[in-house]
Amino acid sequence: MDRQRLSSIAHTHHPIAAPVSGVTVNRLLRRADRGPAARILDLGCGQAAWSLQALAHSPDGHADGVDLNPYALERAAHAAEERGLADRITLHQRDARRYVADGDHDLVLCVGSTHAFGGFADALELAGRHVNRDGVLLVGEGFWETPPTEAALSALSTTPDEFTDLAGLADAAAKAGWAPVYAHVSEPAEWDDYEWSWTGSLTGWALDNPGHPDAAQVLDAARAHRDQWLRGYRGVLGFVTLVLRRG
């Protein structure tokens, strides 16, 4: 099974696609409020959970969601229909790096998708091009909660300099000309809910479809990810969602 389909199944029960609770999503969007007619752009939108909820805060606004995953975009379109928001969101299957910037969005979201731009600093620069002068850039990024262990680095297939600590992220934002006006550091319970939902969705799908040719592969993927999390980066990798304005 291809990675895009696997990711879509994994996020069935956690469409937010980040270790952030629904209550926290609303708190962050209230902090980022740009008015009832805001233009919203969600880069790496996945199932568009963030942008659809942002539209609830901007009843006359419009959102554009950009992602490469056709399965996630299909779910996003279905969710928009169910919520009566299909006429207020446009979904684009394309590379977020190549989405043409007009510099006139009131709110730009890039949560858990900075890797699509090559990392946090590049995301600030490239996603920031879409934000108007008084707009908000809302970015979710990982950071080292504690110094990375060998087990964590192995589980994440990364190196110590892949992430910085929380202070380092704040410094990087300031260097790029952005000032944090609010932030939420994901709590352990949010991380646990995200990871159990991720692996549980895959496990449930495999158990519900035992005759599917991909069932064994999906079950193995769930087990491997769960092991990497529990024995590797749990309590080591943190996640913060930053509400940024131009400094």
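How many residues of the lining of the largest cavity are nonpolar, how many polar and how many charged? Keep that in mind while you load the model, and we will get to it at the first stop.

**Before you start**

This is a predicted model, in which local features need pLDDT of at least 70 and side-chain atom pairs count only at pLDDT 80 or more, while totals for chains, interfaces and linings use all residues. Residues are numbered from 1 along each chain as its sequence is written, and side-chain values use heavy atoms, with hydrogens and water left out.

**Stop 1: the cavity**

Select Leu 29, Ala 32, Asp 33, Arg 34, Ala 38, Ile 40, Ala 54, His 57, Ser 58 and Leu 107, which line the largest cavity. On a 1 Å grid over the protein atoms alone, a cavity is a set of points where a 1.4 Å probe fits but cannot get out, and lining residues have an atom within 4 Å of a point. Grid points are joined across faces, edges and corners, and a volume is the space filled by probe spheres set on the points. The count comes to one cavity of 30 Å³ or more, and the largest has a volume of about 60 Å³.

Now color the selection by residue class: the lining divides into six nonpolar, two polar and two charged residues. Here Ala, Val, Leu, Ile, Met, Phe, Trp, Tyr, Cys and Pro count as nonpolar, Asp, Glu, Lys and Arg as charged, and the others, Gly among them, as polar.

**Stop 2**

Buried means under 20% relative accessible area, exposed over 50% and partly exposed in between, with a 1.4 Å probe and protein chains only. Helices (H or I, at least four residues) and strands (E, at least two) are DSSP runs, numbered from the N terminus.

Center on Trp 50. Beyond its neighbours within four places in sequence, Trp 50 is in contact (heavy atoms within 4.5 Å) with Ile 16, Val 20, Val 25, Leu 28, Leu 29, Asp 42, Leu 109, Val 111, Leu 138 and Thr 241.

**Stop 3: helix α3**

Stay with the helix around Trp 50 and select Ala 49, Trp 50, Ser 51, Leu 52, Gln 53, Ala 54 and Leu 55, which are buried in α3. Because seven of its nine residues are buried, α3 is largely enclosed by the rest of the structure.

**Stop 4: the second largest pocket**

Go to Pro 15, Ala 49, Leu 52, Ala 79 and Arg 83. Of the 15 residues that line the second largest pocket, these are the closest to its centre. A pocket is an open set of grid points with protein on both sides within 12 Å along at least five of seven lines, and this one holds about 250 Å³ of space. Two or more lining residues come from each of α2 (22-31), α3 (49-57) and α4 (70-82), and α4 gives the most, with four. By class, the lining divides into six nonpolar, six polar and three charged residues.

**Stop 5: two alanines with positive phi**

Select Ala 17, in the loop between α1 (3-10) and α2. Although it is not a glycine, Ala 17 has a positive phi of about 60°, and its relative accessible area of 29% makes it partly exposed. Ala 48, in the loop between β1 (39-43) and α3, has a positive phi of about 65° and is not a glycine either. Is Ala 48 buried or exposed? At 0% relative accessibility, Ala 48 counts as buried.

**Stop 6: the cysteines**

With a disulfide taken as a pair of cysteine sulfur atoms within 2.5 Å, the count comes to zero. Select Cys 45: the nearest cysteine sulfur, that of Cys 110, is 11 Å away. Cys 45 is buried at 8% relative accessible area, and Cys 110 is buried at 1%.

**Last stop: Gly 200**

Finish in helix α8 at Gly 200, which is partly exposed at 35% relative accessibility.
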